[in-house]
Amino acid sequence: MERFRVVKDSGLAWFRASDTAQRGFCKDCGSTLFWKADAEDRMSFSPGALDGAAGLAMGAHIFTDDAGDYYAPEGPAATVAAVAAGTLTAGCLCGQVRFALPG
């Protein structure tokens, strides 16, 4: 988490999602941006918040036993593509929250 950096936080708000985790989102546009478990020294982020192509691919589906009858997570696991070196930038839809992390 030491390499994750919020560069603009005027719209940032946190929501206690459970007894063990919280979510970071933009209070202005509602974009979901991060998920942080209290007991872990890492943060997950929404890949949809990334600016442009990042070369990421899905590695696995989670909660497949809970999928509704309208959703079937099938097929082989995706391979992980190489991510360009440098810094990835990301943010919410309205631009009030921006963050950066290493590529």
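How far is the sulfur of Cys29 from the closest cysteine sulfur? The closest one is in Cys26, at 3.7 Å, which is too far for a bond. A disulfide is a pair of cysteine sulfur atoms within 2.5 Å. The sulfur of Cys94 is also too far for a bond, because its closest cysteine sulfur, again in Cys26, is 3.7 Å away. The structure holds 0 disulfides.

This is a predicted model, in which local features need pLDDT of at least 70, side-chain atom pairs count only at pLDDT 80 or more, and totals for chains, interfaces and linings use all residues. Residues are numbered from 1 along each chain as its sequence is written, and side-chain values use heavy atoms, with hydrogens and water left out.

Next comes accessibility. Buried means under 20% relative accessible area, exposed means over 50%, and partly exposed is in between (1.4 Å probe, protein chains only). Cys29, at 29% relative accessibility, is partly exposed, and Cys94, at 37%, is partly exposed.

Now turn to the rings. Rings of Phe, Tyr and Trp (its six-membered ring) pair if their centres lie within 6.5 Å; planes under 30 degrees apart count as stacked, over 60 as edge-to-face and the rest as tilted. By this rule there are 5 aromatic pairs. In one of them, Phe4 and Phe99 are tilted, with 5.4 Å from centre to centre and 35 degrees between the planes. Phe99 is buried, at 1% relative accessibility. Phe45 and Phe99 form an edge-to-face pair, 6.1 Å centre to centre with 70 degrees between the planes. Ring pairs link Phe4, Trp14, Phe34, Phe45 and Phe99 into a cluster.
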